[in-house]
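My entries are below, in the order I made them.

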Amino acid sequence: MISFVGAGPGASDLITLRGLRRLQQANLVLYAGSLIPDELVAESAPDAEKINSVDLVLPEIMAIMITAYRNGKKVVRLHSGDPSIYGAIGEQCRWLERENIPYDIVPGVPAFAAAAALLKRELTLPAISQTVILTRTATRASAMPAGEDLASLAAHGASLVIHLSINNLAAVVRDAIPHYGSDAAVAVIYRASWPDELIIRGCLRDIRAKVKAAGLTRTALIIIGGVLDAEDFPDSALYDANHSHVLRPRRTPTG
C-alpha cells in the first residue's frame, strides 16, 4: 500500500494517530525536508529508507514509490499540513490510478487551523463571518482559474486565508482594501507550530511595512477579516438555552 500522510503544520506531535502509525510501519518514507521536521521523520522505523524529495521531480518521485510498492514495501508519502490543501497529490494519485496501484490518504492538521489556534481566534463568528475562503495568489505557480482572482473572492467579505502569497503581499493589500477597508485587521503567521513561529499583526494599511521589517519571504499565511479583532459579537445559538435540537429538546421552564 502507498499512503499519502498529512504530517500537520510542523510540530511533530500534531500528526494524527493514524498518520503516526502509518509512518512507524513504513519501509520507505518520502518527505519534503524543508517542510517536515526532523523530529517527525525520526518517528519512522530505524531501518526504514528515508528520502528527502526536495530535489526530485514528479517522474522520479513516482518511480521510487512504484518500485518500492512492487517490491512489497509499505510506502508513506509524507506531506506537510493536510494533503487536500495545496498538497500536489492530485497528479500523484492520478498516476497511481493509471498504474492500478492502491493507495489511501490520511488527513492532517492544516496550516490554517494551526494559525487560528496560535492566534486564539475562531474564524467563524456569529454576525461577523460564517465563511472561510482558502486561496492563494498567482505568482510563479499555476495561474488562478477564472473567477478565483483575489479581488473577486475578497468581495464576499469572508474570513480570508491566503496561502503561498507572502511575496505577493502588495497585490494582496491592493485587492483586499476596496472590500475590507484599509483599517481591516490582518495577521501574518510564519511557520505556525514550529519553534520559530511568529505572528505579525496589523491592518491592511501597515502590514506590508511590518512584514518587510521582519524579513519574511516564505512559509507564511495571511489572514484577513473581522474575526481577528471582533469583540462585540453575539453568542452562538448552539448552546443557547432557548435553542433546541434533536439531541437537546427544549427545556421546560421551572417555577
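**Whole chain**

I noted at the start that this is a predicted model. I looked up the secondary structure and found eight helices and 10 strands in the protein chain. For the extent, I took the box along the principal axes, which for the C-alpha atoms is roughly 65 × 55 × 35 Å. I then checked burial: 42% of the 255 residues count as buried. The exposed surface comes to about 13900 Å², and 52% of that is supplied by carbon and sulfur atoms.

**Charges and salt bridges**

I counted 25 positive and 26 negative side chains in the protein chain. The centres of the two sets lie 1 Å apart.

I recorded Arg-22 as partly exposed, because its relative accessibility is 25%.

Another pair is Arg-174 with Asp-175, whose closest N and O atoms are 3.0 Å apart. I compared the classes of the two partners. Arg-174 is exposed, at a relative accessible area of 56%, whereas Asp-175 is buried, at 17%.

I also noted Arg-191 with Asp-196, a salt bridge of 2.9 Å from N to O. In this pair I found the arginine, Arg-191, to be buried at 15% relative accessibility. Asp-196 is partly exposed, with a relative accessible area of 35%.

**His-163**

I looked up where His-163 lies and found it in strand β7 (residues 159-163). His-163 counts as buried because its relative accessibility is 8%, under the 20% cut-off. I then listed its contacts, leaving aside neighbours within four places in sequence. His-163 is in contact with Ile-85, Tyr-86, Leu-134, Thr-135, Arg-136, Thr-137 and Leu-221.

**Ser-84**

Is Ser-84 buried or exposed? I found Ser-84 exposed, with a relative accessible area of 60%. Its place is in the loop between β4 (75-79) and α4 (90-98). I recorded a polar contact of 2.3 Å between the side chains of Ser-84 and Asp-82.

**Ser-129**

Ser-129 is in a loop as well, between α5 (111-119) and β6 (132-136). I recorded Ser-129 as buried, since its relative accessibility is 8%. A polar atom of the Ser-129 side chain lies 2.9 Å from the backbone oxygen of Thr-131. Which residues does Ser-129 touch, not counting those up to four places away in sequence? My list reads Leu-123, Thr-124, Ala-158, Ser-159 and Val-227.

Note on methods
Residues are numbered from 1 along each chain as its sequence is written. This is a predicted model: local features need pLDDT of at least 70, side-chain atom pairs count only at pLDDT 80 or more; totals for chains, interfaces and linings use all residues. Side-chain values use heavy atoms; hydrogens and water are left out. Buried means under 20% relative accessible area, exposed over 50%, partly exposed in between (1.4 Å probe, protein chains only). A salt bridge is a side-chain nitrogen of Lys or Arg within 4 Å of a carboxyl oxygen of Asp or Glu. Helices (H or I, at least four residues) and strands (E, at least two) are DSSP runs, numbered from the N terminus. Contact means heavy atoms within 4.5 Å. Accessible areas come from the Shrake-Rupley method with a 1.4 Å probe; for residues, only the protein chains shown count as cover. Lys and Arg count as positive and Asp and Glu as negative; His and the chain ends are not counted. The place of a charge is taken as NZ of Lys, CZ of Arg, CG of Asp or CD of Glu. A polar contact is a pair of N or O atoms within 3.5 Å; within protein, one must be able to donate a hydrogen and the other to accept it, and residues adjacent in sequence count only if both atoms are side-chain atoms.
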